[in-house]
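Please keep the sequence and the three-dimensional view at hand while reading.

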Amino acid sequence: MTTANAIRVLSGIQPTGDIHLGNYLGALKLWVDSQYDAESFYCVVDLHSLTVEFDRDNLARRTLDAVCMLLAVGLDPKHCAIFVQSHIDQHTGLEWLLECVATFGELNRMTQFKDKGAGQESVTVGLFTYPVLMAADILLYDADKVPIGDDQRQHLELARRIASRFNTRFGETFTVPEALIPPVGARVMDLQHPENKMSKSSDSRLGTIFLLDSPDEVTNKLKRSVTDSENTVHYDPERKPGVSNLLEILSAITAERSDVLALRYDSYRRLKQDVAEAIVDTIDPIARRFRELSSDTAYVMDVINEGDERAREIASATLARARESIGLLQR
Ligand code: AQP
C-alpha cells in the first residue's frame with residue numbers, strides 16, 4: 001500500500017441497488033487506477049442509503065454485495081482500504097460539527113435534494129443533510145482527491161466550502177479536497193431516457209446496464225436503446241443525446257475520442273453492436289469475479305474489518321482535532 005508522501009484519495013458508493021455501468025465508468029474505474037499511486041480509502045456509504053426509501057431486510061446484504069463488487073472491479077485490499085461507513089462512528093460525529101458550519105441556504109440549493117425529493121409525499125431530514133454527511137466522509141480522511149461522477153460535483157464543491165469556512169473560523173483543521181472527474185464517462189445517460197443519468201434506483205431497468213447483466217441482456221438493451229430518426233452517426237450531445245451517449249460509453253471504454261469513433265459508423269445498428277460487445281468484454285470478467293467472491297463471505301468480512309481498522313485510526317484523529325479546533329472541552 002502506498003503511504004510515504006502519497007496524496008490521499010477517498011470516495012464512496014451507496015448500497016442503493018445493483019451497481020451499473022455509469023458507476024463503473026464515472027467512478028469505480030478511477031478508484032481502481034488511483035489505488036496504485038495514492039493512499040486510497042473507499043467506502044460503502046450505507047448511512048446515505050437510509051435517506052431514501054430502503055428495505056431493512058436487504059440492507060446488510062446489499063452492503064456486502066457492494067463490497068464484493070468493489071473487489072470484483074479490481075480494488076485490491078493490498079493497495080487500498082475498503083470499509084463500511086456505518087462502522088466508523090466518527091462520520092456522524094463530525095457531521096454534527098459541520099452542520100453547525102453549513103447553512104440552510106446552501107443545502108437548499110443542492111439539485112440532487114430537489115431531484116430525489118421531487119414528487120415524494122414526505123422527504124427525510126437526512127436527504128436534506130446528506131451533503132454534510134458526505135463532507136464529513138471526505139474531510140475525516142484529509143482526502144486530497146475525490147474521484148466522483150459529474151452528479152456529485154455540486155456536493156464536492158459544498159464540502160470544499162465547508163472545509164474552507166471551518167478552517168478560516170477555527171484555524172487550519174481540514175485538507176480542502178479536489179474533485180477527480182473523468183474526462184469521459186462522467187455522466188453516463190439512461191439508454192431509454194438519454195436526458196436522464198443512468199441510476200441504480202431508477203425504474204428504467206431497460207435503460208440501465210448493470211455490471212451483472214448477462215451478454216444477452218446487454219445486447220438486448222443496446223438493440224432497444226433510444227436514438228433518433230436520422231440514422232447518421234455524429235457526436236452531438238445537444239441534438240443527438242442517445243447516439244452521443246453510446247459514443248461516450250464506447251469512448252470511455254476504448255479511450256478513443258467520441259467524435260473520431262463516430263466517423264467509423266454508417267448505421268446505428270453497427271454502432272449498437274460494437275457498444276454492446278465492448279460492454280460485454282468489460283463487464284463479463286467483473287460478473288465472474290463477483291460470483292466467486294459472493295460465496296466467500298468470510299474473506300469479504302476480513303477485507304472490511306481490515307479496512308475499518310485503518311479508517312477508524314485516521315477518522316478518530318481528525319475528529320479529535322476538529323473538536324479541539326471548535327473549542328469543545330477535551331475529555
Ligand atoms: N450515470 C452515471 N454516470 C457516471 N457516474 C455516475 N455515478 C452515478 N451515476 C453515474 C457515480 O457513481 C458513484 C457512486 O454513486 P452513488 O452510489 O454515490 O450514488 P449516486 O451518485 O446517487 O448514483 P446512482 O447510481 O444514481 O444511485 P442512486 O440511484 O442511489 O441515486 C458516484 O461517484 C457517482 O457520481
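A cavity is a set of grid points where a 1.4 Å probe fits but cannot get out, and its lining residues have an atom within 4 Å of a point. Rolling a probe the size of a water molecule over the atoms shows where empty space is left. The model described here is predicted.

- The largest share, 3 residues, is supplied by α6.
- Sorted by class, the lining of this cavity holds 4 nonpolar and 2 polar residues, and no charged ones.

**The second largest pocket**

- The second largest pocket contains about 270 Å³ of space.
- Its lining is made up of 14 residues, and those nearest the centre of the pocket are R187, M189, Y235, P237 and E248.
- This lining divides into 8 nonpolar, 3 polar and 3 charged residues.

**The ligand and its shell**

- Which of the 24 residues around the ligand come nearest? They are K116, D151, K197, K200 and S201.
- One oxygen atom of the ligand lies 2.6 Å from a polar side-chain atom of K197.
- For S199, an N or O atom of the side chain is found 2.6 Å from an oxygen atom of the ligand.
- The side chain of K200 likewise has an N or O atom at 2.6 Å from an oxygen atom of the ligand.
- On its own, the ligand has 630 Å² of accessible area, and the protein covers 98% of this area.
- Strand β1 (8–13) and the helices α1 (21–34) and α5 each provide at least two residues of the shell around the ligand.
- Among the contributors, α1 gives the most, with 4 residues.
- By class, the shell comprises 6 nonpolar, 13 polar and 5 charged residues.

**Glutamate E106**

- E106 belongs to helix α4, which spans residues 104–108.
- Is E106 buried or exposed? E106 counts as buried because its relative accessibility is 3%, and the cut-off for a buried residue is under 20%.
- The side chain of E106 reaches the backbone nitrogen of T103 at a distance of 3.0 Å.
- A polar contact of 2.7 Å also links the side chain of E106 with that of R165.

**Glutamate E95**

- E95 is located in helix α3, which covers residues 90–99.
- With a relative accessible area of 12%, E95 is therefore buried.
- How far apart are E95 and P131 in sequence and in space? They are separated by 36 residues in sequence and by 9.6 Å in space, from C-alpha to C-alpha.

Note on methods
Residues numbered from 1 in each chain as written. Predicted model: local features only at pLDDT ≥ 70, side-chain atom pairs only at ≥ 80, totals over all residues. Heavy atoms only, no water. Nonpolar A, V, L, I, M, F, W, Y, C, P; charged D, E, K, R; others polar. Near = heavy atom within 4 Å. Polar contact = N/O pair within 3.5 Å; in protein donor to acceptor, adjacent residues only side chain to side chain. Areas by Shrake-Rupley, 256 points an atom, 1.4 Å probe, with all protein chains shown as cover. Buried < 20%, exposed > 50% of the residue type's maximum accessible area, 1.4 Å probe, protein only. 1 Å grid on protein atoms, 1.4 Å probe; cavity = no way out; pocket = protein on both sides within 12 Å on 5 of 7 lines; lining within 4 Å. Points joined across faces, edges and corners; volume = space filled by probe spheres on them.
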